[in-house]
Structure formats: structure tokens, C-alpha cells
Amino acid sequence: MGDQVTPGRRAGAGLAAALVGAVLATGSACGGGRPVEVASAPAAPLRAATAGDALLTQVPPGAEVLLELDLARARAHAALGPLFAALLEPGAAPAAAAALGPLASGTALVVASYRVGTADAQSLTLVAVDPAGAAPPGATELRPGVVALGPPALVAVARATAASPPALAPLRARAMPEGAEGAVLRVTAELSFDARLELAKQLGLDPPPARISLWADALDDAALVLLVDSAEAEDARGPERLEAALRGAARALEEAPATRLLGLTPALRGATFQRVGTWVKATVVVPPGRLRRIAARARAWIAARPAAAARPDRAVDSALAGPAARPDSADSAARPEPAARLDPPADSAAKLEAP
């Protein structure tokens, strides 16, 4: 699978979460200009198709960041499905109602972002939907079962696009383990100088990554592989400094209140980092039992949101406390697990190793 990477962040937010936020934030920026044409890329490594593949052929050329979600796979997951449903409950996240619309009606979603970090930043959202169902408000049908939301000029280009996979395809494939059969989340980014400056400002990473490939999936356990390339051949210590920055960001994330509240800290402490050339690879595995407890605690946090607006600490603590605690209940995540339970399952460890 070659060189690769994992999660990073400062002040308590994950690199993946920060990227997702940056991508979604550009959706409202409908700057002018048409997408930049790019040259054809080398063939991507052979990997199993995931939900975003069917949508990527209609992504206009020139995207710097691709975010993909397999909504159907998330809904079908024993732990993530109930969390997904809770997130979409009426009133669960009123401030994000417009952004969550595509998630409610779609089976797969791709967000393509252009000119990231500039005043002309813009993004396009493609959603796979049931042709017989209701499309997200404001969406434009590109073809049966696929709708788009975004600047009209970009939507028009998408309607006319029916091309081969995007130029980011080889980078996109890089983080996905060779034996993986699917993905809940994929993020691919080849960042311009402006985008790197913006990322550095948001995350405090020095040097900021130039290329990012992220793959995450959940079966019984959950696994995430993040590959980051410093792409600074003239800087002999660039990869070393990038790894140190990622490790520092992971430590900061470990201590973030939300991380501790959800019980994610042990999984982050177990993250592994590896340098291969200019690349840094980070891997995180969440064992099945902990994944169930994290999802349960997240549902409790969502349920506590109305009360949390007035007094978040008490409201969330009360929601998580529940009745009598049981060994596998949501609030047991506050108790440390035996060290043996924190090791990645053998099948996951083998699956995530680079060949």
C-alpha cells in the first residue's frame, strides 16, 4: 500500500474533522470562475469500489479536496446506525439543519471543494438518492438517482461531466488498505499554497501537509488510516517535523473535553505513527466494545443538547449517568479498560499493514 498517515489536530479537534469542517464551510462560498482543468493522473492502485465511486465521475475537474460519506453503510451499522438516526432527529441539530438535509435523504455523498483557502472558494455536493424519493431542498437533478447542490455554474459543469475518475484518484486510493471492502468516510486533498496556509492557521501544523489521503470504516470495530505528505523535498527534516506536529495534535485531542466525554482517549493513545519518505502514516483502531460505548455516549450527548444549551456540564453528565450503571453501559466508558482490550484485533492489524 506504500507510504501513508493518521489523525491530527490542535486545541482538541481532529484533522479529519477540521478538514470536513473546512470543506463544508466552503459550500456557501460561491466564488466565480470555472474549475481549473488538470492533467490526467497516473492509474490508481487497485482497491474495492466504495460508495463515492459512482458519484466521482460527475465531479468537475480541478477539485482540491474530496469528502465522501457512505450514508447507507453508516445507517446499517449496529452502533453507528442509531447514532446517525439520533443526529437526524428533528431538533437534534437545528443550526445544521440545512447541512444535514443531504444526509437525511441520501445513500452516498461527495463534497468537492475548489480554490480552498481563497476568497473564491466554492464547493459542490453530489448526493445519491432514491429516484422515487424526495431530493434535498434546492438540489438539481444531474441524472436519475444523483442530485447536486452548489453554485449554479459548478452544478452546470457537473451536469455536463461524465468523465473518468478524477485526477485525485491515485492519492484517494493510497490510504485505503488493500484488503478493505468498503469505507464510511474518505477524504482526499491536494492542497495549494493558499490552502496549506489556511490549514496551518486552523491546525497549527508546521509544516502543513500538501497531500492528504484518509480512509475510515466500521465493521465490528472501527479503523482509520490517515496519510499526510509534507511534499518538501528540500526540507530534510520536514517529515520529522510533520510527524512531531501530528503526534502533538493527537495528544491535544486526547485531552479535549469532548474526547474524554465520549471515551475516545484510549483509542487515540493507541494510535501508531510511521514515516515513509516524505509521508507520515497514522492509524487508529477502536475495538468493538468501545465503539458501541462511544456511539451510546454520543447519542446521550445529542439527547442532552436542549438542556446543555443552558448548562452543558450538568445536562450532559445527567444524560450520560442514566439509571443503574452496567459493565457494558454507556457510562462505563469513563472507566479504564484492561490493556488487552485496547489492542487492535488481529484481523484489523493485518488489514491495515502496508504491504
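Student: What should I know about the model before we start?

Tutor: It is a predicted model, where local features need pLDDT of at least 70 and side-chain atom pairs count only at pLDDT 80 or more, while totals for chains, interfaces and linings use all residues. Residues are numbered from 1 along each chain as its sequence is written, and side-chain values use heavy atoms, with hydrogens and water left out.

Student: Why is Gly182 called buried?

Tutor: Buried means under 20% relative accessible area, exposed means over 50%, and partly exposed is in between (1.4 Å probe, protein chains only). Gly182 has a relative accessible area of 5%, so Gly182 counts as buried.

Student: Where does Gly182 sit, and what is it in contact with?

Tutor: Gly182 is in the loop between helix H7 (169-174) and strand S6 (185-190). Helices (H or I, at least four residues) and strands (E, at least two) are DSSP runs, numbered from the N terminus. Contact means heavy atoms within 4.5 Å. Setting aside neighbours within four places in sequence, Gly182 touches Thr50, Arg73, Met176, Trp215 and Asp217 in that sense.

Student: What makes Asp53 and Arg172 a salt bridge?

Tutor: The term asks for a side-chain nitrogen of Lys or Arg within 4 Å of a carboxyl oxygen of Asp or Glu. For Asp53 and Arg172 the N to O distance is 2.8 Å, so the pair meets the definition. The pair links distant parts of the chain, with Asp53 in helix H2 (residues 53-56) and Arg172 in helix H7, 119 residues apart. How many salt bridges does the structure hold? There are eleven.

Student: Are those two partners buried or exposed?

Tutor: Asp53 is partly exposed, at 29% relative accessible area, whereas Arg172, at 8%, counts as buried.

Student: How do you know that Glu198 and Lys201 form a salt bridge?

Tutor: Their N to O distance is 3.4 Å, and the limit is 4 Å, so they qualify. Both lie in helix H8 (residues 193-203), three residues apart, about one turn of the helix. In general, an α-helix has 3.6 residues a turn, so residues three or four places apart point the same way. Glu198 is partly exposed at 24%, and Lys201 is exposed at 59%.

Student: What about Arg269 and Glu255?

Tutor: Their closest N and O atoms are 3.6 Å apart, so this pair is a salt bridge as well. Arg269 is in helix H11 (residues 265-269) and Glu255 is in the loop between helix H9 (238-254) and helix H10 (257-262), so the pair ties together parts that are 14 residues apart in sequence. Arg269 is exposed at 52%, while Glu255 is partly exposed at 43%. Glu254, Glu255, Arg260 and Arg269 are linked in a network of salt bridges.

Student: What makes S3 and S5 a strand pair?

Tutor: Two strands pair if DSSP finds at least two bridges between them. Strand S3 (residues 122-129) and S5 have four bridges in the antiparallel sense, so they pair. Thr125 stands opposite Leu149 in S5. Strand S4 (residues 140-143) joins S5 through three antiparallel bridges, with Thr140 opposite Ala148. The hairpin of S4 and S5 has two residues between the strands, and Gly145 there takes a positive phi near 90 degrees.

Student: How do you know that both faces of S5 are covered?

Tutor: In S5 (residues 146-149), Val146 and Ala148 on one side and Val147 and Leu149 on the other are all buried. In a regular strand the side chains alternate between the two faces of the sheet.

Student: Why are S4 and S9 called edge strands?

Tutor: The open sheet of ten strands has the order S4-S5-S3-S2-S1-S6-S7-S8-S10-S9, with antiparallel pairing. S4 and strand S9 (272-276) each have a single partner strand, so one side of each is left without a neighbour in the sheet. S9 is joined to strand S10 (residues 279-286) by five antiparallel bridges, and Thr272 stands opposite Thr283.

Student: How does the span of helix H12 compare with the expected one?

Tutor: The expected span is 1.5 Å times one less than the number of residues. Helix H12 (residues 288-303) has 16 residues and reaches 23 Å from its first C-alpha to its last, close to the 22 Å expected. Its buried residues include Leu291, Ile294 and Ile302.
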